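Subject: Structure handover

Hello,

Here is the structure for you to look over. My notes on it follow below.

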Amino acid sequence: MAIKILQVIDNWYPVVDGVVNDVNNHARILNTYEGVECDVLCPYYPNTNDGSGNYKIIRCLSMSGGKFGVRLPLPMFDVKLHKYLNENHYDIIHVHSPVTLSRTVLRYAKKNNIPVLFTAHTKFHEEINRSVHLKCLQKFALNFLLYSIRRMDYVWSVSDGMTECMQNEYKIDLPCKTVRDGVEIVVPDDNLVLELKKSIYQKYNIAEDEKLLLFVGRVVVVKNISFLIESLKVLIDRGEKYRLVIVGDGDYKSQLEAQVEELGLQNKVIFAGMVRDKAILSAYYKLCDLFVFASTFDTFGLVTREAAAFHLPALFAKGSIASEQITDNRNGFIAELDKEKWADRIVEIFKNDEVLQNVKNTCSVELYKSWEQVLEEVLVMYKEIIKEGKRKPNK
């Protein structure tokens, strides 16, 4: 069965986040299947090269959307985009962000009787409330997004907690299905790991008996990195030997650097910056001793699954959606969001080497699933949706 798929996203490279990586892997891997064509519709970014990837990128007119190179798509003014859509037909449309581009493809899908699938990657109300302070504007922004989502034909979520949020909090009356993301890894050469270790151990004067705690992700307030720094302070004040390595960048970095200086942890927190090279990122996973993930905002925690692929277990916040697949002391660790208890849990983890080794082995088996495995299943579901067609009459 030959099928043509359109992935739709309101962000794209050089901006890097979980959703961008998600869409890239969908297009990259699905295009390796015989009879499958998967294209990406995203905003135009100046001074970027589409590269030599194996999939087509359709660029939409856009304008600057603020910090860190984000662009705001303007499909309503893009004559070329509308001409392209009128001249091309897709069998299914998969939307990953319900902002301006979703409105355009929904109209296109209605006109051509094409089923539209939406994947919920994030809790929209929390993201909106963080960025918008006026209550009336928060409500307007959320309703704007939910209006688009309710016009979709099928809804997926990346976790059970996000599925529950869609149904109970957002009142989405479509059946919501949990379809978890896969993990893309590059196994680093052993020499690369040794070189990285030598470099950072010398640069930061790290002793061999110190433990390295790792965080990877956007450096934004919702990731709760400030809490990790506070917990590290507790450990250091107790005389424990730990360092915190933060891989990533974002608009909260300057506040965190100020916090580190205020707490006197300049030599204990390492800001490694954005690491785009997958092999180097994998080397960090292999080099560090424990992944620490205190976010209650994230709906999946893809980086923790990347870490698990390299037998690096993670410590999660109790009750967080990201921890929903975690069994404490089996495939990961769980602690309350209290800096003293979080520090206690870290010390406890490294005191029981037998449990730690078992968790290292189990997390890789139970949490890691490649994108190839995931997308083989996704393609089957795409074909089922295409066969079933639009769930609702044209809206």
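**Salt bridges**

Asp344 and Arg238 form a salt bridge, with their closest N and O atoms 2.7 Å apart. A salt bridge here is a side-chain nitrogen of Lys or Arg within 4 Å of a carboxyl oxygen of Asp or Glu. This pair links distant parts of the chain, 106 residues apart. Asp344 sits in helix α12 (residues 339-351), and Arg238 in the loop between α8 (225-237) and β11. Helices (H or I, at least four residues) and strands (E, at least two) are DSSP runs, numbered from the N terminus. Asp344 counts as partly exposed, because its relative accessibility is 37%. Arg238 is also partly exposed, at 37%. For these labels, buried means under 20% relative accessible area, exposed means over 50%, and partly exposed is in between (1.4 Å probe, protein chains only).

Before going on, the ground rules. This is a predicted model, in which local features need pLDDT of at least 70 and side-chain atom pairs count only at pLDDT 80 or more, while totals for chains, interfaces and linings use all residues. Residues are numbered from 1 along each chain as its sequence is written, and side-chain values use heavy atoms, with hydrogens and water left out.

By the salt-bridge rule, the count comes to 19. Another of them pairs Glu324 with Arg180, at 2.8 Å between the closest N and O atoms. Again, distant parts of the chain are linked, 144 residues apart. Glu324 is in the loop between β14 (314-317) and β15 (333-335). Arg180 is in the loop between β9 (176-178) and α7 (190-203). Both ends are partly exposed: Glu324 at 30% relative accessibility, Arg180 at 23%. Salt bridges that share partners join Asp160, Arg180 and Glu324 into one network.

Arg243 and Glu210 also meet in a salt bridge, 2.8 Å from N to O. Arg243 lies in strand β11 (residues 242-247), and Glu210 in the loop between α7 and β10 (211-216). They are 33 residues apart, and the pair links distant parts of the chain. Both Arg243 and Glu210 are buried.

**Cavities**

There are four cavities of 30 Å³ or more. The definitions use a 1 Å grid over the protein atoms alone. A cavity is a set of points where a 1.4 Å probe fits but cannot get out. A pocket is an open set with protein on both sides within 12 Å along at least five of seven lines. Lining residues have an atom within 4 Å of a point. Grid points are joined across faces, edges and corners, and a volume is the space filled by probe spheres set on the points.

The largest cavity has a volume of about 70 Å³. Its lining includes Asp22, His26, His94, His96 and Arg180. Among the other lining residues are Trp371, Val374 and Val378. α1 and α14 (371-388) each supply at least two residues of this lining. The largest share, three residues, comes from α14. The lining divides into five nonpolar, four polar and three charged residues. Here Ala, Val, Leu, Ile, Met, Phe, Trp, Tyr, Cys and Pro count as nonpolar, Asp, Glu, Lys and Arg as charged, and the others, Gly among them, as polar.

**Second largest pocket**

This pocket holds about 220 Å³ of space. Its lining residues include Trp12, Tyr13, Pro14, Asp50 and Arg59. The elements that give two or more residues to the lining are α1 (18-30) and β3 (57-60). Five of the lining residues are nonpolar, four polar and three charged. Check the Tyr13 to Pro14 peptide bond: it is cis, with omega near 20°. Pro14 is in the loop between β1 (3-8) and α1.

**Helix α4**

Phe124, His125 and Ile128 are buried in helix α4 (residues 124-131). They lie on the same side of α4, because they cover an arc of only 95° around the axis. That arc is taken from the directions from the helix axis to the C-beta atoms. What covers the buried residues of α4 includes β7 (116-120), α5 (135-150) and α6 (160-169). Contact here means heavy atoms within 4.5 Å.

**Backbone**

Asn224 has a positive phi, near 65°, and is not a glycine. Asn224 is in the loop between β10 and α8. His311 also has a positive phi, near 60°. His311 lies in the loop between α11 (302-309) and β14.

Best wishes
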